[in-house]
Amino acid sequence: MSEERGKGATILATLRSRISGGEYRPGYHLPAQRALAEEFEVSRDTIQRVLEELKTEGWIESRQGSGSKVRVTLPIRVTTQPKVPHGRVALGPFVARAFAQPVVELDVFTFTSESLDTHLRVQADGIRNGQIPAPERIAIRTLLPSESTELPYPRARVPADSTDDVNVKELDRILQARTREIIRRHTSSLRDALRNLKTDGLVPDVVVSVREVPLVPTHKLYLRRGVEGLIGPYKIVERRILMEDDTEIDAWDVLGLGSTLIRLVHDEGDPNAIGSVFMQSWQDWFDSCWHRYDQP
């Protein structure tokens with residue numbers, strides 16, 4: 001049985017694909033939580049978190065006692081409209097707005113790219129099944145913490161009076177290795193999903209670039225150059241991590257899936273507006289990091 005948190009993104013992507021591909025049609029009731037938990041071999045808590053994320057992004061609606069059903073209007077169609085609410089938003093609609101343009105440009109600084117992988121795959125599926133028009137070009141730039149940078153999380157959670165330093169260090173090493181594998185897996189996954197669009201002749205030009213930096217993000221950062229951005233803190237949580245060998249480790253970790261994000265909008269009419277200033281400041285910061293750490 002795989003680690004449940006690591007499966008969260010896969011379950012999200014699968015359910016979104018079923019919705020966008022028509023397997024779960026508008027108005028269709030999703031299988032019960034117990035049935036989904038059995039299908040994906042995870043706990044109902046994991047399924048509840050996934051369904052909450054789908055609800056936040058506008059894929060489904062839920063009512064106590066009646067389960068969850070697909071909304072009549074799906075987010076891929078809704079998010080192409082020009083009016084978008086200000087304030088706290090989800091990542092899915094942001095990525096969908098980017099992919100509604102002829103040229104898709106995204107700059108991202110993230111911890112593992114797990115959420116990004118999920119949402120990019122939703123758009124790739126939409127292009128493949130003809131639900132959204134294929135863009136002329138896709139250009140993604142991603143900053144990730146380098147292999148040589150020690151990650152502050154996850155860390156084994158042990159009693160304050162514990163004296164078993166050797167065991168704690170070994171648990172930390174195991175957790176760090178697991179996180180590195182998650183980073184590699186999702187980075188490779190999103191690269192393949194987008195590059196295959198070019199290989200299969202669906203998008204003429206696709207460039208997915210990754211730079212490693214000696215930094216660990218405390219916030220997620222997503223930018224559409226000169227248009228809008230999203231930023232939101234990683235939440236530190238106490239949780240039990242199930243490893244590949246079925247052992248469990250109590251740990252302090254950061255929660256990225258479903259993080260609260262705040263939307264920054266560039267005001268073309270007023271470059272001195274708060275949104276415009278923040279957007280430009282973050283874009284300048286990203287560009288400086290990108291060019292400073294320019295290893296392939």
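These are my notebook entries on one chain, read from a predicted model.

**Entry 1: overview**

I began with the secondary structure and found eight helices and twelve strands in the chain. The chain has 296 residues, and 48% of them count as buried. I then looked up how far apart in sequence the contacts reach. Taking contacts between residues at least 6 apart, 73% join residues at least 24 apart. For the accessible surface I noted a total of about 15000 Å², with 50% of that area on carbon and sulfur atoms.

**Entry 2: confidence**

I checked pLDDT before going into single residues. The chain average is 82, and 83% of the residues reach at least 70.

**Entry 3: His186 and Asp117**

I located His186 in helix α7 (residues 165-199). Its relative accessible area is 4%, so I logged His186 as buried, the limit being under 20%. Setting aside residues up to four places away in sequence, I listed what His186 touches: Ala9, Thr112, Ser113, Glu114 and Asp117. With Asp117 there is a side-chain to side-chain polar contact at 2.8 Å.

I followed Asp117 from there. The side chain of Asp117 also meets that of Arg121 in a salt bridge, 3.4 Å from N to O. Both residues sit in helix α6 (residues 114-128), four residues apart, which is about one turn of the helix. Are the two partners buried or partly exposed? Asp117 is buried at 5% relative accessibility, while Arg121, at 31%, is partly exposed.

**Entry 4: other salt bridges**

I counted the salt bridges and got 21. Side chains of opposite charge can pair when their charged atoms come close. I wrote out two further pairs.

The side chains of Arg141 and Asp107 form a salt bridge at 2.9 Å, N to O. Arg141 belongs to strand β5 (residues 137-145) and Asp107 to strand β4, so this pair ties together parts 34 residues apart in sequence. I found Arg141 buried, and Asp107 as well.

The side chains of Arg239 and Asp253 form a salt bridge at 2.7 Å, N to O. This pair links distant parts of the chain, with Arg239 in strand β10 (residues 235-242) and Asp253 in strand β11 (residues 248-255), 14 residues apart. Arg239 and Asp253 are both buried.

I also noted a network of salt bridges that links Arg157, Glu238, Arg240, Glu248 and Asp250.

**Entry 5: Leu215**

Last, I looked up a loop residue. Leu215 lies between β7 (205-213) and β8 (219-224). I logged Leu215 as partly exposed because its relative accessibility is 32%, which falls between the 20% and 50% limits. What does Leu215 contact, leaving aside its neighbours within four places in sequence? I listed Phe109, Pro145, Thr149, Trp285 and Cys289. I also noted a C-alpha separation of 7.9 Å between Leu215 and Leu144, which are 71 residues apart along the chain.

Methods. Residues are numbered from 1 along each chain as its sequence is written. This is a predicted model: local features need pLDDT of at least 70, side-chain atom pairs count only at pLDDT 80 or more; totals for chains, interfaces and linings use all residues. Side-chain values use heavy atoms; hydrogens and water are left out. Helices (H or I, at least four residues) and strands (E, at least two) are DSSP runs, numbered from the N terminus. Buried means under 20% relative accessible area, exposed over 50%, partly exposed in between (1.4 Å probe, protein chains only). Contact means heavy atoms within 4.5 Å. Accessible areas come from the Shrake-Rupley method with a 1.4 Å probe; for residues, only the protein chains shown count as cover. pLDDT is the predictor's confidence in each residue, from 0 to 100. A polar contact is a pair of N or O atoms within 3.5 Å; within protein, one must be able to donate a hydrogen and the other to accept it, and residues adjacent in sequence count only if both atoms are side-chain atoms. A salt bridge is a side-chain nitrogen of Lys or Arg within 4 Å of a carboxyl oxygen of Asp or Glu.
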